[in-house]
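Hello,

Here is the structure we talked about. Please load it before reading on; my notes follow below.

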Amino acid sequence: MSINVIVGGQWGDEGKGKIVDLLSKNVNIVARYQGGSNAGHTVYHNNKKIILHQIPTGILRENNVCILGKGMVVDPDGIIEEIECLNNNNIDFNNRIIIDYYAHIVTPLHKLIDKINEEKSGGKIGTTCKGIGPTYQDKYQRIGIRAIDLLDIKLLKKKIEERTKIAIDRSEICEDDLLNINLNDYYSSCIKIKDFINDSFPVLFNKDKSNILIEGAQGTLLDIDHGTFPYVTSSNCSSGGISTGLGIPGNKLDSVIGIFKAYVTRVGGGPFPTELFDENGKQLQSIGKELGATTGRVRRCGWFDIVAAKYSACINGLTGIALTKLDILDSFDTIYVCTHYEYKGSKITEMSKVLNYLDEVTPVYKQFKGWNCSVEGSRVFEDLPEEAKVYINFLSSEIGVPIEIISIGPKRHQILNLQ
Ligand code: IMP
């Protein structure tokens, strides 16, 4: 039995889907522990691009059972859309999806409240409007609806009616807003996903059978406790969320791999010390096709940030790193890496000191000579141009965690395994 973990090391969108796809080859269970349809994992299957939001990417490997853990907030309408996508791509999902009884459920009301809150704040956080925050809010207020409630549709309807009344009483929505909600379609989605709802415990703790891969969504800097609050999501995306979201304690984890892009991106609001507003930023955006998989928004782009990466390595207990999208840097003459920040005249190497003042820090960079050629043809680390090796070795030694995997393109085979 082995339990290995993949987490986002930055602000999400690091390319986790592809690495999960790679590492799910020899496992029988792939599980998610937090978040919901705010995630967007892009993978290529038979040369076709597939985007999954809630169902773990492991569904593409036919031997895997996929678990949506109790720490997630699950949107039944979204699950139906993903099932349709799997059907259209001839991917068999029968008896391969378990939504834990106690995962909380997103309703159209939660999405509406998310959207209204976002509009009221002038788009300050820039949420995905998928109802994530309001659903977690209901969970912690102990008025949430859970997957097990979907097994009794009469009870579910009663709960949704009660919650709607609360929303109107609290002025979260007004009566007219209800015209924008189609509950009939929603209930039919709930009925269609009933067979997936089950107890994940006996599957996760089947000692004879389980090689488990745990798939994080979003990224460490969006973690509700460790991220750039309030510009964060509403769950624990870092590895700490696993013990609550799946019930698997930290001392059972065999490895924790952090996924980092070879540069940094962020969608939505919030501080981003190494963000670029110049031609380099535009180039990263266009070569890297940096558009959000869930919302289609343009991602903000910047240079690699060692201060943030070291923090992330520490919070997650990283044992290894997968560096993605190295090929996007192919055409840059000079590549910059932020080694530390300056804040009010002091040198800052620890992120926690300035987490609340990140928009006031000045990044200090070390320059690297670009390799100015394509890395696409490389099959092993030694094939990479010298300049790329220098860049990668610097990141690894500064973060203090070995880089074990390097992705050099979107396709399944475009990967270098360094182990
Ligand atoms: P929410 O998770 O929809 O509440 O959004 C909160 C913040 O997290 C916003 O800035 C989103 O853009 C960001 N966010 C949520 N999910 C993802 C993701 O999967 N990748 C990148 N950013 C995300």
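Domain 1 and domain 3 bury about 2900 Å² between them, and 56% of that area is on carbon and sulfur atoms. Trp11, Asp13 and Lys18 supply 24% of what domain 1 buries against domain 3, more than any other three residues. Keep in mind that this is a predicted model.

The contact involves 36 residues of domain 1 and 37 residues of domain 3. The C-alpha centres of the two domains lie 23 Å apart.

The rule finds two salt bridges across the interface of domain 1 and domain 3. Asp13 forms a salt bridge with Arg299; their closest N and O atoms are 3.2 Å apart. On the side of domain 1 that touches domain 3, the elements giving two or more residues are α1 (16-23), β3 (41-45) and β11 (255-261). The most comes from α1, with five residues.

For bounds, the assignment gives domain 1 as 2-100 + 197-256, domain 2 as 104-192 and domain 3 as 261-417.

Buried residues in α3 include Leu109, Leu112, Ile113 and Ile116. Their cover includes β8 (104-105), α4 (132-140), α5 (153-169) and α6 (183-192). After α3 comes Gly122, with a positive phi near 70°.

Best regards

Note on methods
Residues numbered from 1 in each chain as written. Predicted model: local features only at pLDDT ≥ 70, side-chain atom pairs only at ≥ 80, totals over all residues. Heavy atoms only, no water. Buried < 20%, exposed > 50% of the residue type's maximum accessible area, 1.4 Å probe, protein only. Helix = DSSP H or I, 4+ residues; strand = E, 2+ residues; numbered from the N terminus. Contact = heavy atoms within 4.5 Å. Domains from an automatic or database assignment. Buried area = accessible area lost by both parts, 1.4 Å probe. Salt bridge = Lys/Arg side-chain N within 4 Å of Asp/Glu carboxyl O.
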